[in-house]
Amino acid sequence: MPVITTIDDLKRIHKRRTPKMFYDYAESGSWTEQTFRENTSDFDQIRLRQRVAVDMTDRTTKTQMVGQDVAMPVALAPVGLTGMQCADGEIKAARAAEKFGVPFTLSTMSICSIEDVAANTSKPFWFQVYTLKDTDFMTRLFDRAKAAKCSALVITLDLQILGQRHKDLKNGLTAPPKFTIPTIMNLATKWAWGMEMLQTKRRFFGNIVGHAKGVSDPSSLSSWSAEAFDPALDWDRVAELMKLWDGPVILKGILDVEDAKKAASLGADAIIVSNHGGRQLDGALSSIRVLPQIIDAVGDKVEVHFDSGIRSGQDVLKAMAMGAKGTYIGRAFVNGLGAMGEKGVTQALDIIHKELDLTMAFCGHRDINEVDRDILLIPKDFSGDWT
Ligand code: GLV
């Protein structure tokens, strides 16, 4: 067994163990993948300020996200098809998150349904919705999430239409996989994944199949999004949807100061600065590059969370020091899940926590709530001089 010390170690095992179409689904960005790449490479441009002779005892990474206690400011992001990376994937990831004390966000495009995750976990999780044309389905989805006692609603605003990820088209991505010759040949090399998948009934989009009408191929993310998602979404509709929920509402997919101001003015409890992991508009700026200006514009009006590009605890610290009040990991936990199921997600969380805790200490802090931009060395032109 290799010694696992980084998220990259988990990613290598994930790649080996999981069918190509699902590994590729997680590891792609749209079109040229420029934004996908820059989400991580831009983090490397920010350096940290080392401090010495500072008492490092009794450190804490505990804080709150939308008023809820978290063991560290890292939530599991909504990731579609998580239950295809590993059998019962959403349940396993949610269990790892609840044991660790961080929020798990279930995607509408999950394999395990809301009810199933609720029945197999003991703490409330968060639920993510896209904005869909079918208002009845949408209302029922909200009711289902309320009945499952979800403790926050995340509304995704940057996926009215699906960005093109070349690999998904080339691989013929569906859940479950359709048996084409290349897929059969690839599945034949993934026997451990296949054995576990054969033992579960959770192999379809659990929130959709049997619940949504008029979808020509419910196994295909691209057909479902093309037919069901609402391309006419506007801020009035967002405001209407927000009213349907009783608890905290988090608006996800904000990358522009004007949109951040609008979201804050609607009374969102939090916004997530995110470019959807570089999976939507290729050529958009990385999330970490736009974070400072969004915090400067609305950080005193709404809780600003950060997503897209986090692969380490150092990245978490950088985003928090910029002024974010919480962060999300998507691929980093999926790498753990695809590598080793629930244990792998726990390991991903442990790795990130350790990196966060030690880096915070080296920067002279003991409490994550006290870090600020003072610990960061940010290149002068980091936010760019764009016209
Ligand atoms: C869904 O949200 C995706 O990015 O595939």
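Helices here are DSSP runs of H or I with at least four residues, strands are E runs of at least two, and both are numbered from the N terminus. With that in hand, Pro176 turns up in the loop between α8 (166-171) and α9 (181-187). This is a predicted model, where local features need pLDDT of at least 70, side-chain atom pairs count only at pLDDT 80 or more, and totals for chains, interfaces and linings use all residues. Residues are numbered from 1 along each chain as its sequence is written, and side-chain values use heavy atoms, with hydrogens and water left out.

- Most residues other than glycine have a negative phi, and most peptide bonds are trans.
- The peptide bond from Ala175 to Pro176 is cis, with omega near 0°.
- Trp31 isn't a glycine, yet its phi is positive at about 40°; Trp31 sits in the loop between α2 and α3.
- With a relative accessible area of 44%, Trp31 is partly exposed (buried is under 20%, exposed over 50%, partly exposed in between, using a 1.4 Å probe and protein chains only).
- Lys149 also has a positive phi, near 65°, and its place is the loop between α7 (135-147) and β7 (152-156).
- Lys149 counts as exposed, at 63% relative accessibility.

**Pockets**

- The search runs on a 1 Å grid over the protein atoms alone: a cavity is a set of points where a 1.4 Å probe fits but cannot get out, a pocket is an open set with protein on both sides within 12 Å along at least five of seven lines, and lining residues have an atom within 4 Å of a point.
- Grid points are joined across faces, edges and corners, and a volume is the space filled by probe spheres set on the points.
- The largest pocket holds about 440 Å³ of space. Its lining has 22 residues, and Asp158, Gly253, Ile254, Leu255 and Asp259 are the closest to its centre.
- At least two lining residues of the largest pocket come from each of α12 (235-243), β8 (249-254), α13 (257-265) and α14 (287-298).
- By class, the lining of the largest pocket splits into twelve nonpolar, six polar and four charged residues (nonpolar is Ala, Val, Leu, Ile, Met, Phe, Trp, Tyr, Cys and Pro; charged is Asp, Glu, Lys and Arg; the others, Gly among them, are polar).
- The second largest pocket has a volume of about 340 Å³. Of its 16 lining residues, Asp8, Lys11, Thr40, Arg311 and Asp315 are the closest to the centre.
- For the second largest pocket, α1 (7-17), α3 (34-45) and α16 (331-362) are the elements giving two or more lining residues, and α3 gives the most, with six.
- The lining of the second largest pocket has three nonpolar, five polar and eight charged residues.

**Cavity**

- There's one cavity of 30 Å³ or more in the structure.
- The largest cavity has about 390 Å³ of space. It is lined by 31 residues, with Pro78, Val79, His276, Gly277 and Arg279 the closest to its centre.
- α2 (20-26), α11 (221-228), β11 (326-329) and α16 each supply at least two residues of the lining of the largest cavity; the largest share, three residues, is from α16.
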